[in-house]
Amino acid sequence: MNGTLTLFLGFEFSSGTLYAFGIFNLFFALIPHFSKDIQELFNKETTKSAGNDFERTRNSEEPVNYPYLITRYKAALVDGIILILTFACLMILVQDSEFGRPTAFVVYVIFVLLYEPLMIVLFSGTIGHKSLSIQVKSFNDQTQNVKFPQALLRNLIKITLGWLSFITIGFGDDHRAIHDLAGNSIVLYEEKTVYNRH
């Protein structure tokens, strides 16, 4: 998401810095997709059983409570493809129109800013989340969807930090990213039993 937005800005303003930043984000977004070593590392999930933590790989029969990095990466990749296709469609529609390009830019930025928050508020997840059978819920009450202001803040942090926002996933049992912490949200598998933390 961060990469596609900055590439669009680089295209719009002919900025080499924005081009480089967008390519940097997209490059590191694609590394886990092609690197077998990193995939093996990311394919480990953690869960809790009788108060003890243990690791397992995805081919295990054990249920996993919280999706780990590779699952969330794949969901973000699906959403990134949707954003790229949206950008491509807008460029085709406006072509070289001097009036159309600024309008397309505004429409695309609005779409990037509101796509994920609205999908989370209304459907507890984006198309990417749903394709991986995961959902975004309120951290305090996992039966409730995230409120719009929290979902918007969550998305702004995610866009600003890019893939760095996922750096905290490995530090806690519930695998919350920085944008989850900021938006008071948690990502769960859809079949997971939910808990009220109050």
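This is a predicted model: local features need pLDDT of at least 70, side-chain atom pairs count only at pLDDT 80 or more; totals for chains, interfaces and linings use all residues.

**Stop 1: the whole chain.** Switch to cartoon view and trace the chain from the N terminus: the elements go α-α-α-β-β-α-α-α-β-α-α-β. That gives you eight helices and four strands to click through. Now colour by accessibility if your viewer can do it: of the 198 residues, 43% are buried. If you also draw contacts between residues at least 6 apart in sequence, 61% of them link residues at least 24 apart.

**Stop 2: a pair of helices.** Two packed helices are described by the angle between their axes and the distance between the axes. Select residues 100–123, which is helix H5, and residues 148–161, which is helix H7; their axes come within 9 Å and cross at roughly 135°. That angle is why H5 counts as oblique to H7. The crossing of the two is right-handed.

Next, show side chains where they meet. On the H5 side, pick out Val 112, Leu 113, Leu 114, Glu 116, Pro 117, Leu 118, Ile 120 and Val 121. Facing them from H7 are Phe 148, Ala 151, Leu 152, Arg 154, Asn 155, Leu 156, Lys 158 and Ile 159. What is the make-up of this contact of H5 with H7, in nonpolar, polar and charged residues? There are 12 nonpolar residues, one polar and three charged.

**Stop 3: Thr 126.** Is Thr 126 buried or exposed? Its relative accessibility is 0%, so Thr 126 counts as buried. Zoom in and you'll find the Thr 126 side chain reaching the backbone nitrogen of Gly 128 at 3.3 Å. Leaving aside residues up to four places away in sequence, Thr 126 touches Asp 79, Tyr 115, Glu 116 and Met 119.

**Stop 4: His 175.** Now go past H7 and select His 175, in the loop between H7 and helix H8 (178–182). With a cut-off of under 20% relative accessible area for buried, His 175 makes the list because its value is 3%. To finish, draw a distance from the C-alpha atom of His 175 to that of Leu 188: the two residues are 13 apart along the chain, and the separation is 9.5 Å.

Definitions and conventions: Residues are numbered from 1 along each chain as its sequence is written. Side-chain values use heavy atoms; hydrogens and water are left out. Axes are lines fitted to C-alpha atoms, for helices over the stretch in contact, and angles run from 0 to 180 degrees between N-to-C directions. Angles under 35 degrees count as roughly parallel, over 145 as roughly antiparallel, 65 to 115 as roughly perpendicular and the rest as oblique. A crossing is left-handed if the near helix is turned anticlockwise from the far one by less than a right angle, and right-handed if clockwise. Contact means heavy atoms within 4.5 Å. Ala, Val, Leu, Ile, Met, Phe, Trp, Tyr, Cys and Pro count as nonpolar, Asp, Glu, Lys and Arg as charged, and the others, Gly among them, as polar. Buried means under 20% relative accessible area, exposed over 50%, partly exposed in between (1.4 Å probe, protein chains only). A polar contact is a pair of N or O atoms within 3.5 Å; within protein, one must be able to donate a hydrogen and the other to accept it, and residues adjacent in sequence count only if both atoms are side-chain atoms.
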